[in-house]
Amino acid sequence: EKVLQRIANAGYRPTALDVSAVSGAFVQQQQAHRALELFRLIGVAGTKSERGSAAPTENHDDSRAATIDTFHSLVHCFGEVGEPGEALKVLQAMQSEGLQPRADTYNLVINACAQSGDCDRAVEAFNDMQRRGIRPNAGTFNRVIYAFGAVGRSDKVMDVFHVMQRLGIEPTVVTYTSMVNAFVQSNQPDKAVEVFQLMQQQGIRPDEVTYTSMINAFVQSNQPDKAVEVFQLMQQQGIRPDEVTYNSMINAFVQSNQPDK
């Protein structure tokens, strides 16, 4: 960091590769704020790849890619420490530098917002990427569905799913599982069952998280026998239950007055 400051004070412009290398070190040490301060102090717009000379095209491309990667790492870091507002600021700083964020960078921002329960900001980021002509991918939609489910807005889940279908983006096991979870969390077990059935009709194989969510759905709807059926089906499919699954089954047996099971 001090070396970059000395370079700048001497009248030279640090390259984007220089700044990215030092900032990347801060990110790896979970010091995203220091990395962001460095970006703001030195600046990356108009950097040169050679001291005092215009950057050749290939070096300019390398510098640009390094800068985008570093911004991406900053977003990831702020998301990991639970600061979605800062992740959004990094995204905005990236755009002000004339850099186009990637879809996976937006995914990180949406995920950070979703994990903190800030559904509105997650949707804002989702809408912004579409306005800028950046095509969402399955991971984007999975995170938006999760965001709605986390705050109990399951009424929006199917809307997002239908947009995904209109764009021709194939849902994944995570997509369907996120939808199931959203309906379970909003106490709509019948909707969860519908999604589970749709998932199987589409040839998507449920995983242990999906099965556990379905067990919870049947526990919620006071159908412990159905929960047992799902558990048995899970085992027949060769999917190993985890601790969360067993806890859900304990709840099912307690509910059916079979605690000795």
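**Core packing and aromatic pairs**

Ser73 sits in helix H4 (residues 57-80), helices here being DSSP runs of H or I with at least four residues, numbered from the N terminus. The structure is a predicted model, so local features need pLDDT of at least 70 and side-chain atom pairs pLDDT 80 or more, while totals for chains, interfaces and linings use all residues. Residues are numbered from 1 along each chain as its sequence is written, and side-chain values use heavy atoms, with hydrogens and water left out.

With a relative accessible area of 27%, Ser73 comes out as partly exposed (buried is under 20%, exposed over 50%, partly exposed in between; 1.4 Å probe, protein chains only). Its C-alpha lies 9.5 Å from that of Leu108, 35 residues away along the chain.

Aromatic pairs (ring centres within 6.5 Å; planes under 30 degrees apart are stacked, over 60 edge-to-face, the rest tilted; for Trp, the six-membered ring) number 4 in the whole structure. Phe196 and Tyr211 pair edge-to-face, at 5.9 Å and 70°, linking helices H11 (residues 189-201) and H12 (residues 208-220). Both Phe196 and Tyr211 are buried. Phe231 and Tyr246 are also edge-to-face, because their planes stand at 65°, with centres 5.9 Å apart. Here Phe231 is buried at 13%, whereas Tyr246 is partly exposed at 41%.

Key
Helix = DSSP H or I, 4+ residues; strand = E, 2+ residues; numbered from the N terminus.
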